[in-house]
Amino acid sequence: MTDLFDKLIRILRAEEETDYDNTTVIGGLEGFLSFWSSEARPKASTAEERRRLSDILDWLGDYNRLSPAQRGQRVSRVLARLGVGPAAPPATPPPRPPSSTPTPKARPPQRRPAPPAADAPQPTAPEAAAPQRPPRPDVGDRPALDHRMAVPSTLDQQRASREAQRQDADLDAPLTELKGVGKSTAEKLSRLGLQSVRDVLYYTPFRYEDYTEMKPLAELRYGDEVTVAGVVQKIDMYKSKRGTIVINALIGDGTGTVRARWYGNRWLPQQLPAGTMVQLSGRVDAYMGQLLISSPRYELIDESELKRGWLVPIYSRTEGVSEKLIHNVVASALEHTAGKIPDPLPDALRKENGLVDLGTAIRWIHQPDSREKAEAARRRLSFDELLRLQLGMLNKRREWKNQPGLTLAFDRELLVRFVRTLPYELTEAQKRALNGILRDMRSPSAMSRLLQGDVGSGKTVVAAAALLAAVSAGYQAALMAPTEILAEQHATSLQTMLADGESLLGRPLRIGLLTGSLSAGDKAALQEQIRSHEVDIVVGTHALIQDRVSFANLGLAIVDEQHRFGVEQRGALRRSQDDAQPDLLVMSATPIPRSLALTLYGDLDLSIIDEMPPGRQPIITRAIQPWQRERAYTYIRGQLNEGRQAFIICPLVEESDQLASRAAVEEHRFLQDEVFPDFNVGLLHGRLSSAEKEAEMTRFYHNDSQLLVSTSVVEVGIDVPNASVMLVEGANRFGLAQLHQFRGRIGRGPWRSLCLLMQEENISSDGEERLNALVENSDGFALAEQDLQMRGPGDFFGTRQSGLPDLTVARLGDSVTLVRAREAAQILLDADPELSHPANALLREQTQRYWSAQQGELS
C-alpha cells in the first residue's frame, strides 16, 4: 500500500512544512488530487485500499476552500488514516570539535505545528511569547479526533445539499406562480413546451439583435450580410410563370429604402402590412439596378427597443405568442427566482473552468448588456449540458465495462490464412482497426467499440474478419443492419468473403438471415437454429433484438450504420443472453468529427479507417445551375441507355407553399411522364411504410426500375454497383455530410460516376460554400468537420436517431467546452462513481432528469 499512497504522503508532508498554505503544487492540492486519483484508483487492488482512497478524496476534496487551520486538521486525519507517523526529525549534526568556548546546550529539533483551529482558545501572553511548542505526539499517542470537529463540513454540505434540492424543486412551480401570468397566458406558452418556471429560465434565445450596430439603409452595399430595420412602406404578392408565389416589399428608414423579396408564403402580406416596423437579416443583392434582400429573415419589432440600443434576445415563437410576451414572462421568472437558483457545480470545478455561477448565467443569457456577458452565459450553460451528457455516457460505459465479458480465444493462424485468401491487400488503416478489435476480443472485459470509415473504405472486410474470429473461438456472431435490403447485401457479401470458411474452420460455416419479411414458420425455424447453435453468424434487421430471439452462445454483436439505431437498441443485442456480455462493435459510414464522436458515442472506444483502398473509382462532382437541367437530363438518359442506373434526390416529399424546392412526388410524376417515359422510374420517401420502402429499394437493386427519385431516406441502406449518376435537386438545402453520403450511393462499380449538385436560385453564401467544398474535396472526415462548424450537430445526420437527449444551448462543434466537460465528468466519477456525496446530490438529480426523458434513470 505504501507505493499507492507514497506520492500523496510526500505532498502532505510538504504542506505541513509550508503551514498549509496550499502552494506545494501548482493549482493547489485539489488539482493534484484530480491527477493522483486517476493514477491511484486502478492500483487500489483491495477493498481496504479502495475505502481509504475514497475517504481521502472525501476529506481533501474541498481543500482549496478551507482555512489553514482546517487544512491542518484534514491533513492530520488523512495521515492517521494511512497509519503514518509524524515526519522524522532531521539527523543530529556531528559533534563539533572541542573548543575553549562553551558550547550552548542544543535544543531538540522542532517541526512546524499545524495552525490552531479558528475556534481554539487563544494562548495567554507568556505562552504566545514562547519561541517553540513541544513536538507533536506520535500517531499512536494522538488523542481521538472529535467527530463534530472532524466532519463539520460534511454536515454543512448535507444541510446545504438539502436546501439546494429544495430550491431546485421550487423551479418546477407552474407558470401561474409568476407575476402577470394567468391561466390563459400559461396555455399559450404551453404550445412552446413551457410548463414551469424552470422551462422559462432555460428557454434560451437563439440569437441577439445588437441595435447599437444597426446599419442605415442609405449605407447598404451590394454583397453585404446585414441586419437592418425600417417601416414597411409597400407590400404586394403575385404568381410567377411557374406558379410560385412571390412577395415584394419596400422598406424605408428615413435615410433610404431597400426592396425585400420572399417566395411561397402567401400569409406574409397579412403579417407585414404597410406601416409595420420590421427587422430584416440577409444578403444584399441587386435586381434591375435596385438593392434587394432576397428571402431575408424577418422579425416584428417595437420602436422602443431600437431606442434602447442594447442586445435584444430573439426567441423562437409560435402563433399567439409574441416576442414581447416572452420577454415579459422571462423578466418575471428572473425576478421570481433572484438569488434562489442553486448551483450544482462544485466551486472548485466552476472556477477551474472559468465559469460564472448558474444564477448569473441564466440572468445574462436573457438580459445581457454586452456580447461578452452573453457569451459567458452561453459557455456556462453549454458546459452544464455537456457535463450532464458526458456523465450519462461515462456511466453507461462504466456499466458495460463492469459487466463480465468473454475472452474469445480465437485462432490467430486462421485469421492470417483468411486475409491471404482476399484478392487484395488490407490497407494500413484496416490493419490497425482489425488489430484493435481483436485485442479487445481477447480481453476479459466486454468490448464496446465504434468502427468509423468513409464510404468504400473497407469496413465490411474488417467486420468479416472479426465475425470469423468469434466463430473460430466457438461462439456465435450477429450483424444487425437498419434495412432488409442492406441486411441481404451483408449476408451475400459475407457468403462471398467467407466462401473458404469450411476449409479454414474444418467444417461448414453456417450463415442465417433473419428479417421481418420472413414467414412465421421460417422465422420460428431460424430462431430455433439460433437457440441450438446450428447457425454461426446471424445477419438481420431489428428482428434480431426481438424478445423471441435467444442465442446459444453469442460472442460478438456488430451493429451497422450505428446512428440509425441509438444507444438503447445497440445494447439490446448484448442483452440477448443472460450470462457474460458479448463483445459489441458498431460501424458507421458517416464520417464523424472526433469531438462529435466523443459525445454521440462517448460510451465506446474508437477505431477509424481513414485510408481508401487503392484503385477505387473517384466520383466526379459538379455544381450546376437550374438553366443546365436539360443537359443533366441528357447525360442521365445516355447512362440509362448504356444500362446504368441513376438517382435523383429531392429535398421535399411534396410541394410546399413555404419553399420553392423540387418535391419528390411531383418530380417522380414529371420525370416518368415527360422526361423518361421509356424507363421505369421509382419513388422512395419517408412517408412510405417500411415494407413499401423495402420493396422500392429491392426493385431498384434488381434493376426493375432504372431511375430512383428519392428524398434523404436513400442516404443509407442501399448498395447498387450499377448506379453511375446522381442528380441532387436543391443541393444547397442539405448539409455537407449528408451530401457526401448521397454521393457515396454511386461509384461502387467499375464505371465512371458523376454527381451533379443542382443549386437553387438565390442561393445563400453558406449554401454556395458547402457545394464548393463538396466539389473540391472527397475526404469525408474533412467535410464532416467543416459541416459541423457550418451547420451544427442538429442537422449533422438529418435525423434525430442518436438516442441522446436534445441539446438546447451547447454546440457540439465547441470542442474546447466538450473536452473540458468530459474531463470534468471523468474526474467527478473517479472520485464519486455514484455521485452520492452530498455535494454532488443536485448534480446527480439534474443528470437523471436530463437523461430520463429518453433513456431512463441514470443508475
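This note goes through a predicted model, point by point.

1. **Two helices side by side.** Start with helix H3 (residues 47-60) and helix H4 (residues 68-81). Their axes come within 10 Å and cross at roughly 175 degrees. Angles over 145 degrees count as roughly antiparallel, so H3 is roughly antiparallel to H4. On the H3 side, the contact is made by Glu48, Arg51, Arg52, Asp55, Ile56, Trp59 and Leu60. H4 brings Arg74, Arg77, Val78 and Arg81. Sorted by class, this contact has seven charged residues, four nonpolar ones and no polar ones.

2. Glutamine 233 sits in strand S2 (residues 225-239). Is it buried or exposed, or in between? Its relative accessibility is 44%, so glutamine 233 counts as partly exposed. Setting aside neighbours within four places in sequence, glutamine 233 is in contact with Leu250, Gly252, Thr257 and Ala274. Look also at glycine 275, which is 42 residues away along the chain. The C-alpha atoms of glutamine 233 and glycine 275 are separated by 6.1 Å.

3. **Aromatic pairs.** A pair of aromatic rings is described by two things: the distance of the centres and the angle of the planes. The model has five aromatic pairs by the rule used here. One of them joins tryptophan 262 and tyrosine 298. Their ring centres are 5.8 Å apart and their planes stand at 80 degrees, so this pair is edge-to-face. Tryptophan 262 belongs to strand S4 (residues 257-263) and tyrosine 298 to strand S7 (residues 297-300). The pair therefore ties together parts that are 36 residues apart in sequence. Tryptophan 262 is buried, at 7% relative accessibility. Tyrosine 298 is partly exposed, with a relative accessible area of 26%.

4. **Another edge-to-face pair.** Turn to tyrosine 633 and phenylalanine 676. The centres of their rings are 6.1 Å apart, and the planes are at 80 degrees, so the pair is edge-to-face. Where do the two residues lie? Tyrosine 633 is in helix H24 (residues 629-641). Phenylalanine 676 is in the loop between helix H25 (664-675) and strand S18 (681-684). The pair thus ties together parts that are 43 residues apart in sequence. Both tyrosine 633 and phenylalanine 676 are buried.

5. **A parallel sheet.** Which order do the strands of the open sheet follow? Seven strands run S11-S12-S10-S13-S14-S9-S15, and the pairing is parallel. Strand S11 (511-514) and strand S15 (605-609) stand at the edges. Each has a single partner strand, so one side of each is left without a neighbour in the sheet. On average, neighbouring strands are turned by 20 degrees against each other, direction ignored.

6. **Inside that sheet.** Strand S10 (residues 476-480) pairs with strand S12 (residues 537-540) in the parallel sense, over four bridges. Alanine 477 has isoleucine 537 in S12 as its bridge partner. Helix H19 (residues 484-497) packs on the sheet and touches S10, S11 and S12. The direction of H19 makes about 150 degrees with that of S12.

7. **A buried serine.** Serine 724 is found in strand S20 (residues 723-728). Its relative accessible area is 0%, so serine 724 is buried. What does serine 724 touch, not counting residues up to four places away in sequence? The contacts of serine 724 are Gln639, Arg644, Gln645, Ile746, Arg752, Ser753 and Leu754.

Methods. Residues are numbered from 1 along each chain as its sequence is written. This is a predicted model: local features need pLDDT of at least 70, side-chain atom pairs count only at pLDDT 80 or more; totals for chains, interfaces and linings use all residues. Side-chain values use heavy atoms; hydrogens and water are left out. Buried means under 20% relative accessible area, exposed over 50%, partly exposed in between (1.4 Å probe, protein chains only). Contact means heavy atoms within 4.5 Å. Axes are lines fitted to C-alpha atoms, for helices over the stretch in contact, and angles run from 0 to 180 degrees between N-to-C directions. Angles under 35 degrees count as roughly parallel, over 145 as roughly antiparallel, 65 to 115 as roughly perpendicular and the rest as oblique. Ala, Val, Leu, Ile, Met, Phe, Trp, Tyr, Cys and Pro count as nonpolar, Asp, Glu, Lys and Arg as charged, and the others, Gly among them, as polar. Two strands pair if DSSP finds at least two bridges between them. Rings of Phe, Tyr and Trp (its six-membered ring) pair if their centres lie within 6.5 Å; planes under 30 degrees apart count as stacked, over 60 as edge-to-face and the rest as tilted.
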